[in-house]
Amino acid sequence: MPIYEYQCKECEARFDLLRPMNASDDEVKCEFCGSTEVSKLLSAFAATGTVSNSGSIKSCPNYNGFT
Ligand SMILES: [Zn+2]
């Protein structure tokens with residue numbers, strides 16, 4: 001699955017999402033502020049060769065941040 005990179009227009013945070021090709025145009029929510037005003041950046045597509053440990057890409061669904 002390709003990795004897509006998005007930037008939030010609200011808080012300007014960048015984040016990567018791993019999603020199926022046929023879902024690439026689905027609505028994306030900012031992981032940080034929840035805004036759907038995000039723009040898709042160029043696909044990172046499995047990184048540029050040096051990334052072997054992709055642990056940081058996956059975000060834990062149980063992590064809700066500090067409120
Ligand atoms: Zn945001």
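This report walks through the fold, the zinc site and the core of a predicted model.

## Ground rules

Local features need pLDDT of at least 70 and side-chain atom pairs count only at pLDDT 80 or more, while totals for chains, interfaces and linings use all residues. Residues are numbered from 1 along each chain as its sequence is written, and side-chain values use heavy atoms, with hydrogens and water left out.

## The strands

The protein chain has zero helices and three strands, running β-β-β from the N terminus. (Helices, H or I with at least four residues, and strands, E with at least two, are DSSP runs numbered from the N terminus.)

β1 pairs with both of the others, where pairing takes at least two DSSP bridges between strands. With β2 it runs antiparallel, joined by five bridges, and E5 sits opposite D16 of β2. The hairpin of β1 and β2 has five residues between the strands, and E12 there takes a positive phi near 65°. β1 and β3 are antiparallel too, over three bridges, with K40 in β3 as the bridge partner of Y6.

## The zinc site

Who holds the zinc ion? The SG atoms of C8, C11, C30 and C33 do, lying 2.3 Å from it. (Donors are N, O and S atoms within 2.8 Å of the metal, or 3.2 Å for Na, K and Ca; water is not among the atoms, so sites may look incomplete.) The angles among the four donor atoms are 105 to 119°, making the site tetrahedral, a label that asks for four donors with all angles between 85 and 135 degrees.

In sequence, the donor residues follow C-x2-C-x18-C-x2-C. C8 lies in β1 (residues 3-8) and C33 in the loop between β2 (14-18) and β3 (38-40), so this pair ties together parts 25 residues apart in sequence. C8 is buried at 2% relative accessible area, whereas C33 is partly exposed at 43%. (Buried is under 20%, exposed over 50%, partly exposed in between, with a 1.4 Å probe and protein chains only.)

## The core

Y4, Y6, C8, F15, V28, C30 and V38 make up the largest nonpolar core; β1 gives the largest share, three residues. (Such a core is a set of buried Ala, Val, Leu, Ile, Met, Phe, Trp, Tyr and Cys residues joined through side-chain atoms within 4.5 Å.) Five of the six residues of β1 are buried, so the strand is largely enclosed by the rest of the structure.

Neighbours within four places aside, V28 is in contact (heavy atoms within 4.5 Å) with Y6, F15, L17, R19, S35, T36 and V38. Over the protein chain, buried residues make up 22% of the 67.

Note on methods:
Tetrahedral: all angles 85-135°; square planar, octahedral: opposite > 155°, others 65-115°.
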